[in-house]
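We will go from stop to stop, and at each one you select something and look.

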Amino acid sequence: MAYVNAEIASQPDCWRQAAELAPTVLDRLPASGERVAVVGCGTSWFMAMAYAARREATGHGETDAFQASEFPSGRRYDRLLAITRSGTTTEVLDLLATLRGRIPTTVLVGDPTSPAVGLADSAVTMAFADERSVVQTRFATTALALLRAQLGDNIDALVADAEVAVRAPLPIDPSLIEQVTFLGRGWTVGLAQEAALKCREAATFWAEAYPAMDYRHGPISVAAPGRLVWAFGELPDGLPEDVAATGAAFAHSRTHGVRTVLGRWAAGRTPVDPMADLILAQRFAVALATSRGLDPDAPRHLSRSVVLT
């Protein structure tokens, strides 16, 4: 775990650097009022989902998120924003090449020498957040921190929460859990999807993700003792009680840096930012891998970039 643990722990500093970078690249990022499509693959797609929902919710304009291979080429957008750590992912490169000269494109990328930089109309490079790990953590969240800074979110407060999250206790001993479901609302649905992916990638663990309001429309049927429901952001009324009735554990941030199970949280405290909560989920995934005798730096069947021939 030489790489992934260090990269998870470095996120507060990376997010701070992203906030410093944001004002210098405004001309390359979507302007307020533009109709924007955001694309990525895997983790980057989930960050695109989070940003798209956050951008619309903060009044900056209509924003859609797509997996790069599923972009609807017949739609009109003012800008396409692609998120790609390596800048070598086949689906992203193919899309950038297809749209060249048709839609202005911007790429957020870790490697400034990657082919995606040459295919996009403009690029924001973040070598300081690039990673050696196969399992993405800090690059994706740093890209989202950069975009949230451009939207006017308080990144100083986010960094403060993150500095606690890298050392806070996990909500529950991973070795006691046989399944986890992550939930989100609005922009945190993408974070829930990403948390579940981390558990699948790092630990080959049964993990699901859903919009929180949809959870009671079927997925709650798998909740049971020995299973965990972990919610990001706003909670629907009655959901913690409904989960408790199943016997499953429930986790949600109610205090800065202290994660608790239903019935043992401190009431009336401000929740941590959901992105800081994602750090805890990343750490949970790594702890799951360790408890299962797996190496999260060598995930099964995965490579750092999917390059199709």
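**Stop one: where two domains meet**

Start with the contacts: 20 residues of domain 1 touch 19 residues of domain 2, where contact means heavy atoms within 4.5 Å. To see the two parts, colour 3-155 as domain 1 and 169-292 as domain 2. These bounds come from an automatic or database domain assignment.

A word on the model: it is predicted, so local features need pLDDT of at least 70 and side-chain atom pairs pLDDT 80 or more, while totals for chains, interfaces and linings use all residues. Residues are numbered from 1 along each chain as its sequence is written, and side-chain values use heavy atoms, leaving out hydrogens and water.

Between them, domain 1 and domain 2 bury about 1600 Å², 74% of it on carbon and sulfur atoms. Buried area is the accessible area (1.4 Å probe) that two parts lose on being put together, summed over both. Now select Ile8, Phe46 and Arg148. They supply 30% of the area that domain 1 buries against domain 2, more than any other three residues.

**Stop two: salt bridges**

The term means a side-chain nitrogen of Lys or Arg within 4 Å of a carboxyl oxygen of Asp or Glu. The count between the two domains is one.

Next, select Asp13 and Arg16. Their side chains also form a salt bridge, at 3.6 Å, N to O. Both sit in helix α2 (residues 11-21), three residues apart, so about one helical turn separates them. Helices here are DSSP runs (H or I, at least four residues), numbered from the N terminus.

**Stop three: between the centres**

How many Å separate the centres of domain 1 and domain 2? Taken over C-alpha atoms, the separation is 26 Å.

Terms used: Helices (H or I, at least four residues) and strands (E, at least two) are DSSP runs, numbered from the N terminus.
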